[in-house]
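Subject: Structure handover

Hi,

Here is the structure for you to look through. My notes follow below it.

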Amino acid sequence: MRTITVNPKSVARKWYLVDAADKSLGRVASEVARLLMGKHKAIYSPNVDTGDFVVVINAGKVAVTGNKMLKKEYFHHTGHIAGERWINFADLLAKNPTAPLEAAIWGMLPHSALGHKMAKKLKIYAGAEQPHAAQKLETYEIK
């Protein structure tokens, strides 16, 4: 039996549509990251981007449990001295509805050049409207 090495040009990519409305943030992020990496395919290889394109709609309606709406905080630094900035989940969701889900998914992808390629296949929209009808999206249900 021969060992098959995956060639990036031979990977067949699909387009998936994921509805995040009233779904748990972590559950949606882990399933989307799995699709982006290609771990659901038999030809998965950790050094080749075998993943599919994912379109996430209703990202602004993602749910969190407990008191995370007010207690969960996101950090960024301005680059200046004493430039630490913190924003809680509710304020970030009001300011940019796609940012919490995007941050959660990026945290589950490899932090390398390959991870950046995977992240480029992710399209997130705050509402139900999306411009990717021509790609013949296949609905992916998150349990």
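Lys136 sits in the loop between S5 and strand S6 (138–139). Helices (H or I, at least four residues) and strands (E, at least two) are DSSP runs, numbered from the N terminus. Lys136 is not a glycine, yet its phi is positive, about 55 degrees. Its relative accessible area is 72%, so Lys136 is exposed. The cut-offs: buried is under 20% relative accessible area, exposed is over 50%, and partly exposed is in between (1.4 Å probe, protein chains only).

Ala82 also has a positive phi without being glycine; the value is near 60 degrees. Ala82 belongs to the loop between S3 and S4. It counts as exposed because its relative accessibility is 68%.

Before you go further, some ground rules. This is a predicted model: local features need pLDDT of at least 70, side-chain atom pairs count only at pLDDT 80 or more, and totals for chains, interfaces and linings use all residues. Residues are numbered from 1 along each chain as its sequence is written, and side-chain values use heavy atoms, with hydrogens and water left out.

**Overall layout**

The chain has 5 helices and 6 strands. Along the sequence they run β-α-β-α-β-β-α-α-α-β-β. The C-alpha atoms fill a box of roughly 55 × 35 × 30 Å along the principal axes. The chain has 143 residues, and 36% of them count as buried.

Contact here means heavy atoms within 4.5 Å. Take the contacts between residues at least 6 apart in sequence: 69% of them join residues at least 24 apart.

The accessible surface is about 9,000 Å², with 55% belonging to carbon and sulfur atoms. Areas come from the Shrake-Rupley method with a 1.4 Å probe; for residues, only the protein chains shown count as cover.

On charge, there are 21 positive and 12 negative side chains. The centres of the two sets lie 8 Å apart. Lys and Arg count as positive, Asp and Glu as negative; His and the chain ends are not counted. Each charge is placed at NZ of Lys, CZ of Arg, CG of Asp or CD of Glu.

**The core**

The largest nonpolar core holds 29 residues. Such a core is a set of buried Ala, Val, Leu, Ile, Met, Phe, Trp, Tyr and Cys residues joined through side-chain atoms within 4.5 Å. Val32, Val54, Val56, Leu101, Ile105 and Leu122 touch the most other members. Two or more residues each come from strand S1 (15–19), H1, S2, H3, helix H4 (99–108), helix H5 (113–119) and strand S5 (122–124). H1 gives the largest share, 8 residues.

Leu122 touches Val32, Leu36, Val54, Val56 and Ile105, leaving out residues up to four places away in sequence. In H4, the buried residues are Ala99, Pro100, Leu101, Ala104 and Ile105. Their cover includes H1, S2, strand S3 (73–77), H3 and S5.

Phe89 lies in helix H3 (residues 89–95). Its relative accessibility is 0%, so Phe89 counts as buried. Beyond four places in sequence, its contacts are Leu25, Val62, Val64, Lys68, Met69, Lys72, Tyr74 and Pro100. Gly79 is 10 residues from Phe89 in sequence, and their C-alpha atoms are 22 Å apart.

Asn88 is in strand S4 (residues 84–88). It counts as buried because its relative accessibility is 15%. Outside four places in sequence, Asn88 touches Met69, Leu70, Lys72 and Glu73.

**Two polar contacts**

A polar contact is a pair of N or O atoms within 3.5 Å; within protein, one must be able to donate a hydrogen and the other to accept it, and residues adjacent in sequence count only if both atoms are side-chain atoms.

Lys41 is in the loop between helix H1 (25–37) and strand S2 (53–57). Is Lys41 buried or exposed? It counts as buried, because its relative accessibility is 17%. Its side chain makes a polar contact with the side chain of Asp52 (2.8 Å).

Glu31 is in helix H1. With a relative accessible area of 21%, Glu31 is partly exposed. Its side chain makes a polar contact with the side chain of Tyr140 (2.8 Å). Glu31 touches Ile142 as well. Glu31 and Ile142 are 111 residues apart in sequence, but 7.3 Å apart C-alpha to C-alpha.

Best wishes
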